[in-house]
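Biologist: I am new to this structure and would be grateful for a guided introduction. May we proceed by question and answer?

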Amino acid sequence: HRWSILGYTWLVGITGSLLYLYRKKGMTATQKAVQARMYAQAITLVGILSTAGVASLGDQTENKHVQHNSAALEAALAMDTRVSTPAAAVTAAVVSEQKAQTD
């Protein structure tokens, strides 16, 4: 999941920056903590932007809305009594209209 990946990215960023800043001399512990937080935020922001970029590329290549023009599929969907949604009602109406036009 992308949110857990971003959480781990922040965790690795804060840990890595704390280790990096621990070796620097001339900064107080508070300054090191603030700097580590800033580095971790920058790393997380890059992760968020990367995730958004990958997600937008995936949306362009996938065809999520496949249309089926099969009358048999429409009839099977209309006959399914377990589904009581407006979509099933619309499907049943379309099938009955198609039958009326062919008769």
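Modeller: Let us begin with a definition: helices (H or I, at least four residues) and strands (E, at least two) are DSSP runs, numbered from the N terminus. The model is a predicted one, in which local features need pLDDT of at least 70 and side-chain atom pairs count only at pLDDT 80 or more, whereas totals for chains, interfaces and linings use all residues. Residues are numbered from 1 along each chain as its sequence is written, and side-chain values use heavy atoms, with hydrogens and water left out.

Biologist: Which pattern does the chain follow along the sequence?

Modeller: The chain contains four helices and zero strands. Read along the sequence, its pattern is therefore, by the DSSP runs defined above, α-α-α-α.

Biologist: Is Ser-17 buried or exposed?

Modeller: Ser-17 is found in helix H1. Buried means under 20% relative accessible area, exposed over 50%, and partly exposed in between (1.4 Å probe, protein chains only). Because its relative accessibility is 6%, Ser-17 counts as buried.

Biologist: Which residue has the backbone oxygen that the side chain of Ser-17 reaches at 2.8 Å?

Modeller: A polar contact is a pair of N or O atoms within 3.5 Å; within protein, one must be able to donate a hydrogen and the other to accept it, and residues adjacent in sequence count only if both atoms are side-chain atoms. A polar atom of the Ser-17 side chain lies 3.1 Å from the backbone oxygen of Ile-14. At 2.8 Å, the side chain of Ser-17 reaches the backbone oxygen of Gly-13.

Biologist: Which residues does Ile-14 touch, not counting those up to four places away in sequence?

Modeller: Ile-14 is in helix H1 and is buried, with a relative accessible area of 14%. Contact means heavy atoms within 4.5 Å. Ser-17, leaving aside neighbours within four places in sequence, is in contact with Ala-36 and Tyr-39. Ile-14, beyond residues up to four places away, touches Ala-36, Arg-37 and Ala-40.

Biologist: How far apart are the C-alpha atoms of Gln-41 and Gly-13?

Modeller: Gln-41 lies in helix H2 (residues 29-61) and is partly exposed, with a relative accessible area of 40%. Ile-14 and Ile-43, 29 residues apart in sequence, are 8.9 Å apart in space, C-alpha to C-alpha. For Gln-41 and Gly-13, which are 28 residues apart along the chain, the C-alpha separation is 8.0 Å.

Biologist: Why does Trp-10 count as partly exposed?

Modeller: Trp-10 has its place in helix H1 (residues 2-22). Trp-3 is also found in helix H1, and at 65% relative accessibility Trp-3 counts as exposed. Trp-10 counts as partly exposed because its relative accessibility is 38%.

Biologist: How many of the residues of the chain, as a percentage, count as buried?

Modeller: The chain has 103 residues. Of these residues, the share that counts as buried is 14%.
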